[in-house]
Amino acid sequence: RVFGLPPSSRVMHQAVAYGDNLLIFGGDDRSVGYSNQLFIFETVRSRWYAPPATGAMPNARWGHSMFVYNKRVWSFGGFDGRYLTHELLSMPVPDCEDGCEHGVCNMGICECFPGFIGHTCATPCFEGWGGDFCDVPIC
């Protein structure tokens, strides 16, 4: 059984393995058009998800190359619907590879317990403070 919402059927996308995950980016689904979304399939949990986008979104594309290096997905070239491109894109790969010391891993991102922050939830807030940025008083 597979959980989550998989990407639409598509051609000319790229897929690479990263740890226990399969990452898919770009392609053409022949109905909506070209994609600029990253999808991850967690093989251990048999679950698809699209991590939330942060920062500037890359142009949609197909026919590009892709690889993973140093916890980032790199993509080069492709066709954006009008032009062949020579762009080199880089996106962080969401993962909990380093563990979630004081939190839980949810879809590749550590969700920290109250009173802790940081990528691995290892940094404590000052006493009496919590929230995502240690800016909420804890009574």
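User: Which residues form one aromatic cluster here?
Analyst: Tyr34, Trp62 and Phe79 form one aromatic cluster. This is a predicted model: local features need pLDDT of at least 70, side-chain atom pairs count only at pLDDT 80 or more, and totals for chains, interfaces and linings use all residues. Residues are numbered from 1 along each chain as its sequence is written, and side-chain values use heavy atoms, leaving out hydrogens and water.

User: How many aromatic pairs does a search of the whole structure find?
Analyst: A pair of aromatic rings is described by the distance of the centres and the angle of the planes. Rings of Phe, Tyr and Trp (its six-membered ring) pair if their centres lie within 6.5 Å; planes under 30 degrees apart are stacked, over 60 edge-to-face, the rest tilted. The search finds five such pairs in this structure. In one of them, Phe41 and Trp48 have ring centres 5.0 Å apart and planes at 50°, so this pair is tilted.

User: Are Phe41 and Trp48 buried or exposed?
Analyst: Buried means under 20% relative accessible area, exposed over 50%, and partly exposed in between (1.4 Å probe, protein chains only). Phe41 has 15%, so Phe41 is buried. Trp48 is buried too, with 15%.

User: What kind of aromatic pair do Trp62 and Phe79 form?
Analyst: Trp62 and Phe79 are edge-to-face: 5.7 Å from centre to centre, with 70° between the planes. Now place them on the chain. Strands are DSSP runs (E, at least two residues), numbered from the N terminus. Trp62 lies in the loop between strand 4 and strand 5, and Phe79 in the loop between strand 6 and strand 7, so the pair ties together parts that are 17 residues apart in sequence. Trp62 is partly exposed, at 24% relative accessible area.

User: On to charges. How many salt bridges does the structure hold?
Analyst: A salt bridge is a side-chain nitrogen of Lys or Arg within 4 Å of a carboxyl oxygen of Asp or Glu. The structure holds three. In one of them, Arg61 meets Glu87, at 2.6 Å from N to O. Arg61 lies in the loop between strand 4 (47-49) and strand 5 (65-69), and Glu87 in the loop between strand 6 (72-76) and strand 7 (88-92), so this pair ties together parts that are 26 residues apart in sequence.

User: With which residue does Arg30 form a salt bridge?
Analyst: Arg30 pairs with Asp28, and their closest N and O atoms are 3.5 Å apart. Check each end. Arg30 counts as exposed, at 66%, while Asp28 counts as buried, at 9%. Another salt bridge joins the side chains of Arg47 and Glu42, at 2.7 Å from N to O. Glu42 is buried, with 6%.

User: Which residues lie nearest the centre of the second largest pocket?
Analyst: On a 1 Å grid over the protein atoms alone, a pocket is an open set of points for a 1.4 Å probe, with protein on both sides within 12 Å along at least five of seven lines; lining residues have an atom within 4 Å of a point. This pocket is lined by 15 residues, and Asp20, Asn21, Glu42, Asp95 and Cys96 lie nearest its centre. Glu42 is also in the salt bridge with Arg47. The second largest pocket holds about 280 Å³ of space.

How values were computed
Helix = DSSP H or I, 4+ residues; strand = E, 2+ residues; numbered from the N terminus. Points joined across faces, edges and corners; volume = space filled by probe spheres on them.
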